[in-house]
Amino acid sequence: ACGVCTTVVNGWEKTTDTAGNTRYIIGDRGAIPSTTDNYSGSLYYDLTPTDKLKASTTHYKTTQGYSRYNLYLNTALPATNLSLDGRRVASLAETSTWMPGASAKTEDFYTLGYEGKLAGDFLLKLDASYADRNYWYLSPNAGATYTSGAGTRTQTPNNTLDLAAQLNFPLGQDHFIVAGVALNRSNLNRAVYSLSNWRDGENKTALTDQGDGRSETSSFFLQDQISIGRALTLYAGARYDDWKSSGYVAKVGSPTPSKDIPSHGEGALSPRLAAVYKLTDSVALKASAGTAFRAPTLYDMYAADTVSAPKLIVADPGLKPERAKAVDFGTEINLPNGANFKAAYFFTRITDMIYSKETPYTGPYTATIPATVTILSQKTNAAEGTTKGIELSGDLPLTSWLTAAASYTWTDARITKDNSGTGMLDKYLTYVPKNMASLALRGKYHDWSGSLSTRYSGLSYTSALNSDQIKEIYSGTSRYWLTDLRVNYQIDKHFKASVMVNNLLNEKYYEYYLMPGRSVAVELSARF
């Protein structure tokens, strides 16, 4: 009941949360202005007829700002004793959760590669890449307003170096060997600063949270491609990964002590066996089985605590790598008219799966953790998850210039063992739709080319406990068909103009947030 209410307000919209509890939309955060700029360049140079050198660089930068929130209610703020749908709202004022903050991301990528023949039929490939990334965002603290108030600046500069060498060569008439080594080194340096004014990211007053992480993975791989007659080809190989990580975490001024994360790691041998058997010139059967190893990312282990109401998302520096066993088998049919059809079944079992464990959060609430947080989402090694499903796809030429394509995927992905004690057993994995499908028309006629495509995404969950039963709302996920259109015109041998329309039918759908509607982009590209 309303109780003591002096002002009846209108403009609200009744809705629910994902669990079906009544909620009210009273406004929005406003438009989020953003800018993006990027450039890339590649260089190819033939040292000899058989030796080639390549290099590339890419720069990407995006920034997001903020604009004033929109209040739908017909009242000024602050206000007290409001009557909203017959319910009493004791007080209503600006809150930090209404302000999306500001952010910027910069990424620079550099690659260098060499490919050349050694003595005889030995082919050597060398690749090196370096990625330098920086990301920061500003967040208002509880009690801040749109124009002022304390806040935080979180920045996470990180970089990655990848080196690889691969040697390919035939061994006799029936064997082809692929051997190589690889190295990955990653660094993350996270820092959270308090701000006297959350809208001024340079006005840092103190370091409040820090996390530094380092990881290195050395890998060795070997594969033998074995031809047995004209119909059967076997692939037998293995990869060994040696992963190590260390770091440091600190919450300055917190009772939780700062601590060094000592160097720890694991090694894993991942064998794989595959076979391709040609029943006829147009029909092939395929099968494979193997194991895999995936180390946790530095973000999994050292990312800053993040509030995405109603969740507080926390990393875990003690995560272990995932291990997987997988099998798949299928068939591929290629017809003389250019049509093809593929069908496959896949099954994967992951142990020590890196996943987000969700438990109720009841505090403490601080300037950076508002009372709207009710769920603690923490990275953890769930005991086991399995994914199985089927994939169907095909292409069909309709005319000399037009081709139709279609695909369908059914996936059953669940937690099959749970050591966390939080009720995740037999729950579906988050953000994995059970059904996905696509249809497309692709054409090329003289200087014109383009595509009209539509894709379907079925039911999926955002909650690890699958508690989000209401889907078409904020923090839920929608079932949807999205249609995109692209038209290209080759102006001459160097220049091409393109028009792209995303979400052509202006479908309203959610992937946690309400996703963008129809958008149009025009592009002019040049190649020399």
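Is E332 buried or exposed? Select E332 and find out. E332 counts as buried, at 18% relative accessibility. The cut-off for buried is under 20%, so E332 qualifies at 18%. Keep in mind that this is a predicted model.

**Stop 1**

K286 forms a salt bridge with E332, and the closest N and O atoms are 2.7 Å apart. This pair links distant parts of the chain. K286 sits in strand β18, residues 283-294. E332 sits in strand β21, residues 322-334. K286 is partly exposed, with a relative accessible area of 37%.

**Stop 2**

Select D241 and R239. Their side chains meet in a salt bridge, 3.1 Å from N to O. D241 is buried, with a relative accessible area of 6%. R239 counts as partly exposed, at 33% relative accessibility.

Next, pick D426 and R414. Here the side chains meet in a salt bridge of 3.5 Å, N to O. D426 lies in the loop between β24 (402-417) and β25 (435-445), while R414 is in strand β24, so the pair ties together parts that are twelve residues apart in sequence. D426 is partly exposed, with a relative accessible area of 46%.

Then show R190, D209, K251 and D305 together. Salt bridges that share partners join these residues into one network. How many salt bridges does the count come to? It comes to 22.

**Stop 3: an open sheet**

Move to β1, β8 and β9. They form an open sheet of three strands in the order β1-β8-β9, with mixed pairing. Which strands are at the edges? They are β1 (7-8) and β9 (87-92), and each pairs on one side only. Strand β8 covers residues 79-84. Five bridges join β8 to β9, and these two strands run antiparallel.

**Stop 4: the nonpolar cores**

Show the side chains of I26, L73, L92, W98 and M99. They belong to the largest nonpolar core, which has 17 residues, and they are the ones with the most contacts inside it. The largest share of this core, three residues, comes from β8.

Zoom in on W98. What does W98 touch, leaving out residues up to four places away in sequence? The list is I26, R29, Y69, L71, L77, L92 and A93.

Now look for a second, separate core. This one has twelve residues, including L188, W243, A295 and L319.

**Stop 5: strand β11 and its partners**

Colour β11, residues 123-140. Strands of a sheet pair through backbone hydrogen bonds, either parallel or antiparallel. Take the partners of β11 one by one.

- Strand β10, residues 102-117, pairs with β11 in the antiparallel sense over 16 bridges. Select K105: the bridge partner of K105 in β11 is Y135.
- Strand β13, residues 158-171, pairs with β11 in the antiparallel sense over eleven bridges. Select A131: it stands opposite T160 in β13.
- Strand β12, residues 151-155, pairs with β11 in the antiparallel sense over five bridges. Select L138: it stands opposite R153 in β12.

Finish at the hairpin of β10 and β11, which has five residues between the strands. Select G120 there. G120 takes a positive phi near 70 degrees.

Technical notes: Residues are numbered from 1 along each chain as its sequence is written. This is a predicted model: local features need pLDDT of at least 70, side-chain atom pairs count only at pLDDT 80 or more; totals for chains, interfaces and linings use all residues. Side-chain values use heavy atoms; hydrogens and water are left out. A salt bridge is a side-chain nitrogen of Lys or Arg within 4 Å of a carboxyl oxygen of Asp or Glu. Buried means under 20% relative accessible area, exposed over 50%, partly exposed in between (1.4 Å probe, protein chains only). Helices (H or I, at least four residues) and strands (E, at least two) are DSSP runs, numbered from the N terminus. Two strands pair if DSSP finds at least two bridges between them. A nonpolar core is a set of buried Ala, Val, Leu, Ile, Met, Phe, Trp, Tyr and Cys residues joined through side-chain atoms within 4.5 Å. Contact means heavy atoms within 4.5 Å.
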